Amino acid sequence: MILKMRSFLLPVLLLSNVTAFSPVQQPGAVAKTEGRLQPLFMGRAAAVRASTKSKTDAKKAKTNAVFGKRIIMAVKQGGSPDPNSNRMLGDIIKQAKTNNVPVDNINRAIKRATEGNAGDFSESTFEAYGFGGASFVINVLSDNPNRANADVKSTVNKRHAKIAEQGSVLFMYDRKGKVEVPAALDEEQLLDAAIEADIDDFLLLEGDEEDTSIVYVEPTESAKMLGVVNTMGYEEAKMSLAWVTKAPVECTDEDFDKNMHIIEALEELDDVDSVEHNMSN
């Protein structure tokens, strides 16, 4: 389901003016299914990811660990363990809560950040090429850049992919705010609520799993869109930032499987936060 908000005076034309954050679409690129539009580049990748990522406990542990590191980094960079005076920390705590990170975990991370032995975490991004024209954006959060660099490059090279020069992949992606909702959102209801909140543009897609939705907005409007979704009754919605491809590609089944194997291996690394790609199948 894709919506681009252009003119609130002509709501009837909204569904015919579909471009939003995706590249130019060819006829037939978006198919209607049971009243919802299927996303342009979620396809088989989403299905495989949903099934292979059904290891719920491991996924929760990864999420908790990532936000633990982000909280430590926010406390150190913001200079205060108080979220009221440290805006960066306050924002990270809000994101952690929307991702169901336990309060005890949040408090332990804040306490650890004030101790002398807490690591200095920093973010970095690796770019890589896979098979069949696929590209990857690898987001890293680590207190040991040398280890992270070695692990990411080794994982990519061992699977016969290639680390790319800085900037050679990222120019094909846009940075967007991402709100994940554990329900199939009604497009008209979301549109009305977004208009009320003065949100100019958004992209609504089906989520990776059945009866879920993903809403992409400009990064500066992430919190606002989360609030919109919350007021619609979806308190368990999650907010994050993501790289969204502007140039999706369709790989052969063989290349797709090889690329997913690379992504899954990267996501198993402790220092890797997430991996985004441009595959459309």
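Which residue of β9 does E180 stand opposite? The points below give the answer and its setting.

1. Basis. This is a predicted model, in which local features need pLDDT of at least 70 and side-chain atom pairs count only at pLDDT 80 or more, while totals for chains, interfaces and linings use all residues. Residues are numbered from 1 along each chain as its sequence is written, and side-chain values use heavy atoms, with hydrogens and water left out.

2. Sheet. Four strands form an open, antiparallel sheet in the order β7-β8-β6-β9. At its edges are β7 and β9 (238–245), each of which pairs on one side only. From one strand to the next, the twist averages 35 degrees. Helices (H or I, at least four residues) and strands (E, at least two) are DSSP runs, numbered from the N terminus; two strands pair if DSSP finds at least two bridges between them.

3. The β6–β9 pair. Eight bridges join β6 (residues 173–181) to β9 in the antiparallel sense. K238 in β9 is the residue opposite E180.

4. Helix α7. Residues 222–231 form α7, which lies across β6, β8 and β9 and runs at about 20 degrees to β6. Axes are lines fitted to C-alpha atoms, for helices over the stretch in contact (heavy atoms within 4.5 Å); angles run from 0 to 180 degrees between N-to-C directions.

5. Positive phi. Most residues other than glycine have a negative phi. D198, in the loop between α6 (187–196) and β7 (203–206), has a positive phi near 60 degrees. D211, in the loop between β7 and β8 (213–217), also has a positive phi near 60 degrees.
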